[in-house]
Amino acid sequence: MAEVEMRQVKKAFGDVQIIRGVDLQIESGEFVVFVGPSGCGKSTLLRMIAGLEDITSGDLMMAGVRANGLAPAKRRVGMVFQSYALYPHMSVYENMAFGLTLAKEDKDEVKTRVLYAAKILQLDQLLERKPKELSGGQRQRVAIGRAIVRKPRVFLFDEPLSNLDASLRVQMRIEIAKLHSDMKVTMVYVTHDQVEAMTLADKIVVLNKGNVEQVGAPLELYHHPNNLFVAGFIGSPKMNFIDAKLVRVEPDAAVISVPNCADIRVAVDAKGAKPGDKVILGIRPEHFTVSDTPGSGIGGLVMVLEHLGDETYAYVEAQGTKEGLLNARLAPQSLVRNGETLRLTVPEQSSHLFNEAGLAFRRLNDQSTASAATRH
């Protein structure tokens with residue numbers, strides 16, 4: 001039985017449709033991450049699970065019980081918000097115990113739960129401190145502890161790390177992953193951060209304008225996006241897109257033409273497409289290889305170089321690109337300089353191809369991830 005199930009769930013504010021009929025199953029113990037651009041509805045969907053937003057139509061099932069009209073306090077969810085929302089005049093202990101105290105729980109039971117949560121979150125030495133005496137990461141742990149003491153069936157996180165600096169985000173990401181591993185409870189997490197989504201999730205739900213574009217494991221979405229939107233959204237740096245035309249369809253590949261380049265073979269099943277059709281070639285930055293052969297690959301001037309220590313990214317001016325520049329990951333010891341011409345070979349097996357409507361052609365002979373054979 002799914003821990004959380006949505007059946008054609010919709011949400012509207014007046015005439016404005018925010019969530020447009022979501023069907024989704026979240027299994028017990030899963031870590032599910034909602035991602036999507038600002039305004040796509042991911043936080044609204046999370047708040048509907050929590051009971052903080054009413055459902056316009058459809059059914060929300062929690063542990064097999066219809067929860068549409070169930071009060072938030074009876075849903076057995078613990079929510080962690082972007083803002084810590086700690087009481088500044090209370091100690092860490094008092095902040096974590098406040099909800100239980102308000103519910104008139106037995107004092108010994110409150111103490112047991114708070115000490116248990118504090119031990120898990122390594123807050124046991126900080127219980128007497130006030131929030132102003134804590135770091136940002138410690139405050140967020142207190143907010144998480146406040147949810148843990150309620151013994152929820154489902155944890156809900158609404159961009160909990162966005163207020164932290166880069167190093168603290170990494171630390172807290174590890175701590176949340178460890179918390180999930182230790183507690184083995186269902187977690188639903190909203191973020192716009194690609195790294196958080198890819199590293200934390202068992203399953204990612206990609207949302208766009210209130211619709212679910214694709215659901216799947218992180219590497220499945222990375223290597224097998226269903227459409228142009230998912231391909232461009234999952235992955236950082238993002239996938240490169242180049243306008244192209246279909247030259248011919250072969251049993252094991254599509255042959256395409258792009259500006260100023262020899263014809264390119266892409267290992268996809270393009271049956272049903274016709275020569276002359278407009279298509280879009282997709283290549284991730286790490287899949288390019290630099291060619292020393294004059295006239296081969298896609299050529300262009302290097303406009304910008306980003307040296308990151310362990311890797312270098314080159315932004316290359318090339319015709320037909322959606323963003324105006326191609327992004328290619330180079331070896332850190334690369335001697336390429338700004339203003340030089342760089343020729344990039346397009347890999348047949350690792351490239352993606354989309355039709356004019358933005359739907360992906362199925363990739364063939366791909367060994368990037370064995371688990372990605374199942375499509376959603």
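Which helix is Gln 140 found in?

## Gln 140

Gln 140 sits in helix H4, residues 136-148. Helices here are DSSP runs of H or I with at least four residues, strands are E runs of at least two, and both are numbered from the N terminus. This is a predicted model, where local features need pLDDT of at least 70 and side-chain atom pairs count only at pLDDT 80 or more, while totals for chains, interfaces and linings use all residues. Residues are numbered from 1 along each chain as its sequence is written, and side-chain values use heavy atoms, leaving out hydrogens and water.

With a relative accessible area of 0%, Gln 140 counts as buried (under 20%; exposed is over 50%, partly exposed in between, using a 1.4 Å probe and protein chains only). Its side chain reaches the backbone oxygen of Pro 160 at 2.3 Å. Leaving aside neighbours within four places in sequence, Gln 140 has contacts (heavy atoms within 4.5 Å) that include Val 80, Phe 81 and Met 172.

## Gln 214

Over in strand E10 (residues 211-216) you'll find Gln 214. Gln 214 is buried too, at 2% relative accessible area, and its side chain reaches the backbone oxygen of His 224 at 3.1 Å.

Most residues other than glycine have a negative phi, and most peptide bonds are trans. Lys 184, though, has a positive phi near 55 degrees. Lys 184 is in the loop between helix H5 (166-183) and strand E8 (186-190), and is exposed at 63% relative accessibility.

Then there's the cis peptide bond joining Ser 236 and Pro 237, with omega about 0 degrees. Pro 237 lies in the loop between helix H8 (228-233) and strand E11 (240-250).

Technical notes:
Polar contact = N/O pair within 3.5 Å; in protein donor to acceptor, adjacent residues only side chain to side chain.
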